[in-house]
Amino acid sequence: MGQCEACGEWNTLEEIAVEPLAASSPRASSKGRRVQLEGLEGMAAPPPRIKTSIEELDRVLGGGLVPASVVLVGGDPGIGKSTLLLQAACKLAGKGERVLYISGEEAVDQIRLRALRLEVGQAKLDLAASINVADIVATLEAEPDVRAVVIDSIQTMWLETVESAPGSVSQVRACAFELIRLAKRKGFSLILVGHVTKEGALAGPRVLEHMVDAVMYFEGDRGHQFRILRAAKNRFGATDEIGVFAMTDRGLEEVSNPSALFLAERRGNIAGSAVFAGLEGTRPVLLEVQALLAPKSGDNAPRRAVVGWDSGRLSMLLAVLETRCGVKLSGMDVYLNVAGGLKVAEPAADLAVAAALISAATGMPTSSGEVYFGEVGLSGEVRQVSQADARLKEAAKLGFDKAVLPRRIARGSARTKPPEGLTLREIGHLSDLVTADMEAE
């Protein structure tokens, strides 16, 4: 037959791939078609990008949104996820892109009020309030030229074919699958907002993180104005990249120079403080590490309180200082804080933490123009870390004139020269740092 029974036209029939049947179906055992194999060699063009006009967000995404990609954004309640995505959606709509913002938690009027507060109420953004995935899919099927869709949030979505409440494991998995499959077929960028548990992990099934192309966490302490957007997974860009924002009364504002912001309130000539030249993704960031020592009270075990760093790594560093360097800290309560609310995970912070602890123990402030970075081993040796040149350039740019770092070993060619105006002090063992501070005292 070449004639359509519905409209009567000829030569209008098209082949449609039938969805696979369940394993329990008697027809599921039919023979499949052969998959075409391709070689590894060949040129692959980078995927096109849709710029959001928010540089910090584009940095974390790897350069912008990729068509037909799926991004999952998680974070604590009230941290600013909906605010950031509404600002990004309005920026895209202001560039002439067709963007849909679908909320399952707020009414349309509430979104409009927030947009007015953020001063983006004039954007040509399409809004909807619904939790029924079938209705959302039918709407997206009928809407032409959609470039991006925001779903806020995936835990509120509901599919009537799944017999469970919204937010359950089966509902989250089924709803995400339907939306992701539609995004891949229609070619629009899909952004899913996800809730987090009290431990900070994304709520719902772990498979949700495997289904999406990028996972981003929005971090920050409500006591600080800073917000950190961190990429934990990205199929189209680098992981562990961060974007820094400041929460204001007009929403989130980009922070183009986070090092200057994190060090803005630092006071010099204070014992127990050291500046760490860190690296977040491809961006060097300078942070202040603060340490405070106090005699332990009574017969209780000494207290170890850490904010922004790994408590297990602090215990290891205290043991190295006492065993390898002779710094007696076992009878002291130790308090360590990374100022600014940023969480540091890289081992390169060991040397800066050790410098802050030694400064607090001796009562001698570190130099106000000095930065530290380096990994400390169990024998007390100071090990090299990656991208030392980028850390030194950032320190020189902010006016620091000294850097304490591991001994650099030239590999293949001569070592690169430090930035102009920056003096390097290379040490091989943690005892070198202790001896220098003792001599200064």
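Predicted model: local features only at pLDDT ≥ 70, side-chain atom pairs only at ≥ 80, totals over all residues.
Trainee: I've got two helices touching, H2 and H3. What angle do they pack at, and how far apart are their axes?

Mentor: The general idea first: two packed helices are described by the angle between their axes and the distance between the axes. Here, H2 covers residues 81-94 and H3 covers residues 108-117; they pack at about 75°, with the axes 11 Å apart. Angles of 65 to 115 degrees count as roughly perpendicular, so that's how H2 and H3 sit to each other.

Trainee: Which residues make the contact?

Mentor: From H2, look at Ser 82, Thr 83 and Leu 86; from H3, find Ile 111, Arg 114 and Ala 115. By type, that contact splits into three nonpolar, two polar and one charged.

Trainee: OK, on to the strands. Is S6 largely enclosed or open?

Mentor: For this one, check burial residue by residue; buried means under 20% relative accessible area. S6 spans residues 214-219, and five of its six residues are buried, so the rest of the structure largely encloses it.

Trainee: Which strands does S6 pair with?

Mentor: Follow the bridges. Strand S1, residues 70-75, pairs with S6 in the parallel sense over five bridges; for instance, Gly 75 has Phe 218 of S6 as its bridge partner. Strand S7, residues 226-234, runs antiparallel to S6 and is joined to it by six bridges. There, Ala 214 stands opposite Asn 234 of S7.

Notes: Residues numbered from 1 in each chain as written. Heavy atoms only, no water. Axes fitted to C-alpha atoms, helices over the stretch in contact; angles between N-to-C directions. Helix = DSSP H or I, 4+ residues; strand = E, 2+ residues; numbered from the N terminus. Parallel < 35°, antiparallel > 145°, perpendicular 65-115°, else oblique. Contact = heavy atoms within 4.5 Å. Nonpolar A, V, L, I, M, F, W, Y, C, P; charged D, E, K, R; others polar. Buried < 20%, exposed > 50% of the residue type's maximum accessible area, 1.4 Å probe, protein only. Pairing = 2+ DSSP bridges.
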